[in-house]
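Me: Can you walk me through the charged pairs in this one? I'd like the overall picture too.

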Amino acid sequence: MLAYFRSNLMTCALVAVAAFATSDCLAQPLVTGNLTYYLDFDEILTSDLSGAGATGRFEDESGNDYGLASSNEIGEIHQGDSFDTTPGVLALGAGVRGGGAAVFNQSTDGLDLPVYINLDGKHITNNHSDNLPTSGLNGESGYSIAAWVNVDDIGGDQSIFQTRAAGGDFNTHFQLQNGGGAVRITMRTGGACCTTVADSNNSAYSFDVWNHVAVSYDASEGATGMLRKYINGELVDTAAGTGNNGNLVGDWGGQEALGDFFAAGIGAVEDSGGRRFEGSIDEFYVFNRAISAADVATLNALDGDDPADINGDGFVDGLDLGIVLGGWNPPPTPGAAVPEPASIALLALSGLSLLITRRKRS
């Protein structure tokens with residue numbers, strides 16, 4: 001373990017020296033393999049915006065390198081549009097891992113457009129179709145979504161993740177039902193409206209505390225596929241699919257004729273703006289495979305069992321490097337700001353020979 005730790009820190013040190021940054025050692029997903037999206041919500045970026053009403057963006061950290069789409073960036077934040085007089089606000093707040101969480105504070109005026117995060121499903125559909133969770137189209141055999149949520153009681157359904165296909169069908173509802181009644185996941189095929197692939201609409205959640213919610217659908221299990229739903233790491237429901245797995249959830253192209261706000265997004269329903277999320281979301285994952293119970297346990301536990309994560313914040317980063325090389329005592333609080341890149345580079349340079357010496361002794 002000690003040798004592993006020194007080797008891992010050596011990697012981060014070399015990255016810092018070469019690039020004067022620790023971005024390659026930050027924001028690593030805890031579970032990988034067929035990732036479609038991973039958003040850690042640790043930073044709001046404000047450059048390269050192009051969408052109407054956009055105020056910032058969250059960067060996708062899945063490693064898929066989506067980049068700029070023709071009209072939007074992945075993770076683009078929309079706080080209403082220009083005609084809204086009292087738009088809601090989306091900001092950073094305290095999260096469960098890393099430096100923050102996405103905090104949705106919706107407008108009280110029902111005529112205002114919602115606060116939402118546009119994940120630009122049209123761009124994924126047109127340019128990265130292999131990342132779409134599909135069964136028949138690309139040979140994938142499953143679909144999974146996971147997130148930490150801390151939701152306020154506003155007396156209505158609240159959307160975590162919604163998608164819409166070009167054919168008009170809502171592909172996915174992943175939401176919290178009215179009054180704390182259930183975590184709901186419904187998946188439907190693209191094309192002709194509302195052919196259900198799998199559905200689960202039960203299992204209570206709690207308000208004003210963090211809940212980890214996850215769903216995993218394995219299209220290849222049994223004759224019709226199997227859906228599993230987890231809350232706080234525990235399996236709370238299983239539901240057999242309907243067998244309508246030809247396209248599983250179709251594309252995420254959306255319907256511009258209906259004025260869709262997004263084709264895949266967080267915080268509301270496309271075109272209507274209903275089911276507005278009020279509260280915080282952190283550590284958001286979408287996979288184009290069925291994740292396992294062990295994967296869910298890792299996402300729920302947060303730590304990922306990385307022996308190089310000295311301060312237990314889920315990252316192997318400059319904070320861990322500083323604890324070892326800089327002798328920080330006590331170490332900085334998990335989630336606190338990492339020292340400036342230049343400082344980390346100097347720290348890495350000053351301790352590089354020590355790391356090499358220690359690594360040889362192991």
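Here is a short chat about the fold and its salt bridges.

Me: What am I looking at, in terms of helices and strands?
Reply: It's a predicted model, and the chain has 5 helices and 16 strands.

Me: How much of the chain is buried?
Reply: Buried residues account for 53% of the 362 residues. The chain exposes about 14,300 Å², with 49% of that coming from carbon and sulfur atoms.

Me: OK, salt bridges. How many?
Reply: The count comes to 6 salt bridges. One of them joins Arg97 and Glu283, with the closest N and O atoms 3.0 Å apart. Arg97 sits in the loop between β4 and β5, while Glu283 is in strand β16, 186 residues apart.

Me: Is that pair buried or exposed?
Reply: Arg97 is buried, and Glu283 is buried as well.

Me: What about Arg164, which residue does it form a salt bridge with?
Reply: Asp271, and the closest N and O atoms are 2.3 Å apart. Arg164 is in strand β8 and Asp271 is in the loop between β15 and β16, so the pair ties together parts 107 residues apart in sequence. Arg164 counts as buried because its relative accessibility is 4%, under the 20% cut-off. Asp271, at 26%, is partly exposed.

Me: Which residues are in a network with Arg164?
Reply: Asp260 and Asp271 are linked with Arg164 in a network of salt bridges.

Me: And Arg228?
Reply: Arg228 forms a salt bridge with Glu221, the closest N and O atoms being 2.8 Å apart. Arg228 is partly exposed at 25% relative accessible area, and Glu221 is partly exposed at 28%.

Technical notes. Residues numbered from 1 in each chain as written. Predicted model: local features only at pLDDT ≥ 70, side-chain atom pairs only at ≥ 80, totals over all residues. Heavy atoms only, no water. Helix = DSSP H or I, 4+ residues; strand = E, 2+ residues; numbered from the N terminus. Buried < 20%, exposed > 50% of the residue type's maximum accessible area, 1.4 Å probe, protein only. Areas by Shrake-Rupley, 256 points an atom, 1.4 Å probe, with all protein chains shown as cover. Salt bridge = Lys/Arg side-chain N within 4 Å of Asp/Glu carboxyl O.
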